[in-house]
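Please work through the exercises below with the sequence and the coordinates at hand, and try each task before reading its solution.

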Amino acid sequence: MTTTTNVTDLYPTRGATEVATPRQDPVVWGSPDTPGPVSAGDLQALDREGFLAIDQLIGPDEVAVYRRELERLVNDPDIRADERSIVEPQSKEIRSVFEVHRISEVFANLVRDERVVGRARQILGSDVYVHQSRINVKPGFGASGFYWHSDFETWHAEDGLPNMRTISVSIALTENYDTNGGLMIMPGSHKTFLGCAGATPKDNYKKSLQMQDAGTPSDEALTRMASEHGIRLFTGRAGSATWFDCNAMHGSGDNITPFPRSNVFIVFNSVENTAVEPFAAPIRRPEFIGARDFTPVR
């Protein structure tokens, strides 16, 4: 194990070989007796499977508000020119816009919504801050997917998150069909950390936000994990949401259908798990990708 700023590295990665490490942290940090929007049964399912699907987190009228704001952002020339906007390598269309809770008061209100942040506090057992937020845009006819990965592997290696005390929510702003590049997760994969092989290039984020390379598992490891855990594809109407653990192995395919798939993605981290220096990268990623402002969401 190595250390960074006196913090023990529980999850070595980006070395010469791929290394699997049993999870050292809880999945659900809050007490099961603590009142909150997540039932005890759902907390148990999250602990076991690594995800929690909600049929309708926000209603149709709210979806319409967030869709309009998404369209406004992706069509704003100033937003497109901002470094927080990531474009598709081929089509040059906007793929993601990061730090949307700072760019947009509409999405800031969503982050503060008790249906959202209240679940994060309950799961993580503490106050939380936003480690990352973004809107993902997958227009039809060729939007590229996100290759298999554990978010925590990157957040640990490149952002310096010490422990697995981080939860993500993906809220659908369009319908998720089984054909338009939906989220796939390997249930139970969050119980094992897969440390990936290969050093982190400087400014790796510039490439990885378009196409993941460093920090991706081998085909052999993915085959073993899929054989052991299976793969769950998430579908649902606009307004549905998927909460998933930071270490869940997940990805999504290309969208070659005519039907767009867009979502807002929010990462909550415990204020007791704030970032230190990167564990396996030469420099920190920019703050719009890995926050260094640890102010709790209020």
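**Exercise 1. Packing of two helices**

At what angle do helix 2 and helix 5 pack, and how far apart are their axes?

Solution. The model is a predicted one. Begin with the geometry: helix 2, which covers residues 60-74, packs against helix 5, residues 105-112, at an angle of about 135 degrees, and their axes lie 9 Å apart. Next, classify the angle: values over 145 degrees would count as roughly antiparallel and 65 to 115 as roughly perpendicular, with the rest oblique, and helix 2 and helix 5 are therefore oblique to each other. The handedness of the crossing of helix 2 and helix 5 is left-handed. Finally, list the residues that make the contact: helix 2 contributes Val65, Tyr66, Glu69, Leu70 and Leu73, while helix 5 contributes Val106, Phe107 and Leu110.

**Exercise 2. Aromatic pairs**

Classify the ring pair of Tyr11 and Phe152, and then that of Phe51 and Phe234.

Solution. Rings pair if their centres lie within 6.5 Å, and planes over 60 degrees apart count as edge-to-face. By this rule the count comes to ten aromatic pairs. For Tyr11 and Phe152 the ring centres are 5.3 Å apart and the planes stand at 85 degrees, so the pair is edge-to-face. This pair links distant parts of the chain, since Tyr11 belongs to the loop between strand 2 (7-8) and strand 3 (19-22) and Phe152 to helix 7 (residues 151-159), 141 residues apart. Tyr11 counts as buried at 0% relative accessibility, and Phe152 likewise counts as buried at 0%.

For Phe51 and Phe234 the centres are 5.0 Å apart and the planes are at 85 degrees, so this pair is edge-to-face as well. It also links distant parts of the chain, with Phe51 in strand 4 (residues 51-54) and Phe234 in the loop between strand 12 (232-233) and strand 13 (241-245), 183 residues apart. Both Phe51 and Phe234 are buried.

**Exercise 3. The surroundings of Met184**

Where does Met184 lie, and which residues is it in contact with, leaving aside its neighbours within four places in sequence?

Solution. Met184 lies in strand 10 (residues 183-185). With a relative accessible area of 23%, Met184 is partly exposed. Apart from the neighbours within four places in sequence, the contacts of Met184 are Trp148, Ile231, Arg232, Leu233, Met249, His250, Gly251, Ser252 and Gly253.

**Exercise 4. Positive phi**

Give the phi values of Arg14 and Glu99, and place each residue.

Solution. Most residues other than glycine have a negative phi. Arg14, although not a glycine, has a positive phi of about 65 degrees; its place is in the loop between strand 2 and strand 3, and at 7% relative accessibility Arg14 counts as buried. Glu99, also not a glycine, has a positive phi of about 55 degrees; Glu99 lies in the loop between strand 6 (94-98) and helix 4 (100-103), and Glu99 is buried, with a relative accessible area of 13%.

Conventions. Residues numbered from 1 in each chain as written. Predicted model: local features only at pLDDT ≥ 70, side-chain atom pairs only at ≥ 80, totals over all residues. Heavy atoms only, no water. Phe/Tyr/Trp six-rings, centres within 6.5 Å; stacked < 30°, edge-to-face > 60°. Buried < 20%, exposed > 50% of the residue type's maximum accessible area, 1.4 Å probe, protein only. Axes fitted to C-alpha atoms, helices over the stretch in contact; angles between N-to-C directions. Parallel < 35°, antiparallel > 145°, perpendicular 65-115°, else oblique. Left-handed = near helix turned anticlockwise from the far one by under 90°. Contact = heavy atoms within 4.5 Å.
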